[in-house]
Structures are given as C-alpha cells and as structure tokens.
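Welcome! Here is a short briefing to read alongside the chain and its model.

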Amino acid sequence: VAQHFWENSWAHAVKDGERIFSDSVPIARLAMISILLVPATFQIASTWLLAMWTLFLVSSLHCHDMKNYRHRFLAGLQRGGEVSTVVRSLNRLERGVARRLRSSNASMAWLVGLILVTAGA
C-alpha cells in the first residue's frame with residue numbers, strides 16, 4: 001500500500017518527462033483517506049455492534065416470553081378446574097405468545113439478514 005501511495009499511483013503520472021502533480025498530492029491523498037477511513041470504519045463497527053446488541057436483546061426477550069409462557073401454562077394446569085376452561089385459557093395464552101413471536105420475527109428478519117451478510121455467513 002505504501003509503495004502505491006509513494007511510487008505507483010496516479011499522483012505520480014509523468015508527461016513529457018515531467019511530473020503532472022506536485023509531491024504534496026500523495027501526502028494530501030493519504031491524509032484524505034485517513035480522515036475519511038477512520039470515521040467510516042467507526043461508523044460501520046458501531047452499526048454492526050448495535051445490530052448485534054439489538055439481536056441479543058430480542059432473543060433475550062423471546063427467552064423471557066417463553067419462560068413466562070411456561071410458568072403461566074404450569075400455573076393453569078396446577079390450578080385445575082374444568083378441562084374445557086383450562087384448555088380454552090391455555091389456547092388463548094398460546095395464540096397470544098405465537099402472535100407476538102411471529103410479529104417480532106417478521107420485524108427483525110432484515111436485521112438478521114444484515115448481520116449474516118455482514119459477518120460473511
């Protein structure tokens with residue numbers, strides 16, 4: 001890379017035996033790339049880390065939902081009572097959890113795709 005900047009790049013073009021650009025062009029070019037590359041790299045890294053954190057948060061919420069569902073399911077079974085009433089309340093609970101998971105998965109699909117593409121999977 002250093003050889004490209006200091007010897008072989010377009011900034012060292014020669015016409016009729018004379019250099020077209022002055023010696024300050026490679027230095028200015030390197031400075032501009034450094035000025036633009038550092039913030040861009042930081043922006044990409046922070047966006048990727050934010051996406052990973054968001055995915056972790058969503059998966060933690062899914063885990064919490066499933067634990068909550070399990071506790072409520074077991075409480076419904078232990079409470080007992082009429083079988084049809086227990087089945088109806090558990091069915092309502094299951095539909096609510098499934099609807100919430102489907103909704104969350106649909107809205108987070110783009111984020112999962114972005115992370116897979118970014119990570120090179």
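Helices (H or I, at least four residues) and strands (E, at least two) are DSSP runs, numbered from the N terminus. Read from that end, the elements of the chain follow the order α-β-β-α-α, giving 3 helices and 2 strands. This is a predicted model, where local features need pLDDT of at least 70, side-chain atom pairs count only at pLDDT 80 or more, and totals for chains, interfaces and linings use all residues. Residues are numbered from 1 along each chain as its sequence is written, and side-chain values use heavy atoms, with hydrogens and water left out.

**The chain as a whole**
- Of the 121 residues, 17% are buried (under 20% relative accessible area; exposed means over 50%, partly exposed in between; 1.4 Å probe, protein chains only).
- The accessible surface comes to about 9400 Å², with 67% of it belonging to carbon and sulfur atoms (Shrake-Rupley method, 1.4 Å probe; for residues, only the protein chains shown count as cover).

**A nonpolar patch**
- L50, W53, F56, L57 and L61 make a nonpolar surface patch of about 530 Å².
- Patch residues have over 30% relative accessible area and no salt bridge, with nonpolar side chains (Val, Leu, Ile, Met, Phe, Trp, Tyr) joined within 5 Å and like charges within 9 Å.
- A salt bridge is a side-chain nitrogen of Lys or Arg within 4 Å of a carboxyl oxygen of Asp or Glu.
- L61 sits in helix α2 (residues 24-79) and is partly exposed, at 42% relative accessible area.
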